[in-house]
Amino acid sequence: MLKFTKQQVVAEYLPASVAPQSMDDFSFAPSNIALCKYWGKRDAELNLPINSSLSVSLAHLGSKTRILLADGGQDEVLLNGELLAPDNSFATKVIAFIDMFRRGADHPVRVETENNIPTAAGLASSASGFAALMQAVDQFYGLQLDLSLQSAFARMGSGSASRSLFNGFVEWQMGQREDGMDSIAAPLAAEWPDLRIGLIKVSTAQKPVDSRSGMNRTVATAHLYQSWPMQAAADLSRLHTAIESRDFELLGQTAEQNALSMHATMIASWPPLLYWQADSVTAMHKIWQLRADGLGLYFTMDAGPNLKVLFSAADEAAVCEQFPDMQVIAPFGRQ
Ligand code: 2P0
């Protein structure tokens, strides 16, 4: 069957002509951390996932972006105030994303993006980056697309960006359609003001295999991957129960087992993919020991060596005493 291209899918939803207008203000999108991970694609062109996922957004930590009409004759991409070379990989992806919407019209753009995600925390910025870029595109071209459409289009920039259009708990439905237009994220109504997320930095060095290549390798070579969609579906259902009943142990256990299951599929790939470093494993053992001693904390990890710890506000002082360098985020604010 002939697959859809991004341009074909997006074109269906755009007006016949666009009238770009420089933005005064920046659009903002939060970073997010998945409690049930997105790992594996059924369509690499549209970033359609093999499983649904569920994340929590990181409040004020994220990316802000605005788009201006460029003075010069060329597109310009600035990241944190620095003009990027045209062949820079981030700049290339940003311009390719904008190309889906300008459809060949001749108006060079200047894209300014700033991340306030501390690089020291080792958090990925592609999710918030493409979500903020989508919102900026919507304003720059005066499209007024609803957030579901923006979620679907942000996904084409980076899968996890579909979830960064929203605050709080967010579920990205894998969808069934070939054009992916039912593969969109939506926020859950539930809030959890006591939830805290701590960022444990192990390393901020660039990872040798990016997550896009990592998930493709896993799907292609790990027999163990066959069990992943079942694990993810069961975890998603458990997370819904945990969130509805505000059961912290169930939330933490599910998120930790989900992350370790995802990493198990990576380790079973060939060549093997092990994002952990010795200090990652040391931190895991420390968390397990603290838990055995009665402290309520769990971890999750993405395609990198750093840990994200889940705990309740009541345990914040005790957890911070154990991890003094940890940055703590309150995804639903501090009451
Ligand atoms: C997640 N990750 O759910 C999972 C867990 C990494 C591990 O989403 O290829 O940068 O751009 O769709 O979104 C990272 O993958 O991948 C990611 P692409 P993306 O947060």
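**Entry 1: serine 53**

I began with serine 53, which has its place in strand S4 (residues 53-69). Helices and strands in these notes are DSSP runs, numbered from the N terminus; a helix is H or I with at least four residues, and a strand is E with at least two. The model is a predicted one, in which local features need pLDDT of at least 70 and side-chain atom pairs count only at pLDDT 80 or more, while totals for chains, interfaces and linings use all residues. I count residues from 1 along each chain as its sequence is written, and side-chain values rest on heavy atoms, with hydrogens and water left out.

I looked up the burial of serine 53 and found a relative accessible area of 0%, so the residue is buried. Buried stands for under 20% relative accessible area, exposed for over 50%, and partly exposed for what lies in between (1.4 Å probe, protein chains only).

I then asked which side chain makes a polar contact with the side chain of serine 53. The partner is arginine 163, at 2.9 Å. A polar contact is a pair of N or O atoms within 3.5 Å; within protein, one must be able to donate a hydrogen and the other to accept it, and residues adjacent in sequence count only if both atoms are side-chain atoms.

Contact means heavy atoms within 4.5 Å.

**Entry 2: lysine 37**

I turned to lysine 37, in the loop between strand S1 (27-36) and strand S2 (41-43). Its relative accessibility is 1%, so lysine 37 counts as buried. With neighbours within four places in sequence left aside, its contacts include Ser53, Trp228, Met262 and Asp302.

**Entry 3: the domains**

I recorded domain 1 (21-187) and domain 2 (195-329); such bounds come from an automatic or database domain assignment. Their C-alpha centres lie 24 Å apart. I noted that 28 residues of domain 1 are in contact with 38 residues of domain 2.

**Entry 4: the ligand**

A polar side-chain atom of tyrosine 38 lies 2.6 Å from one, and an N or O atom in the side chain of lysine 41 is 2.6 Å from one. For serine 158, the distance is 2.7 Å. On its own the ligand has 470 Å² of accessible area, of which the protein covers 92%.

**Entry 5: backbone geometry**

Most residues other than glycine have a negative phi, and most peptide bonds are trans. I found that the peptide bond from tryptophan 270 to proline 271 is cis, with omega near -5°. Proline 271 sits in the loop between helix H7 (248-267) and helix H8 (278-292).

Asparagine 80, not a glycine, has a positive phi of about 50°. I placed asparagine 80 in the loop between strand S5 (76-79) and strand S6 (82-83), and at 47% relative accessibility it counts as partly exposed.

Definitions and conventions: Accessible areas come from the Shrake-Rupley method with a 1.4 Å probe; for residues, only the protein chains shown count as cover.
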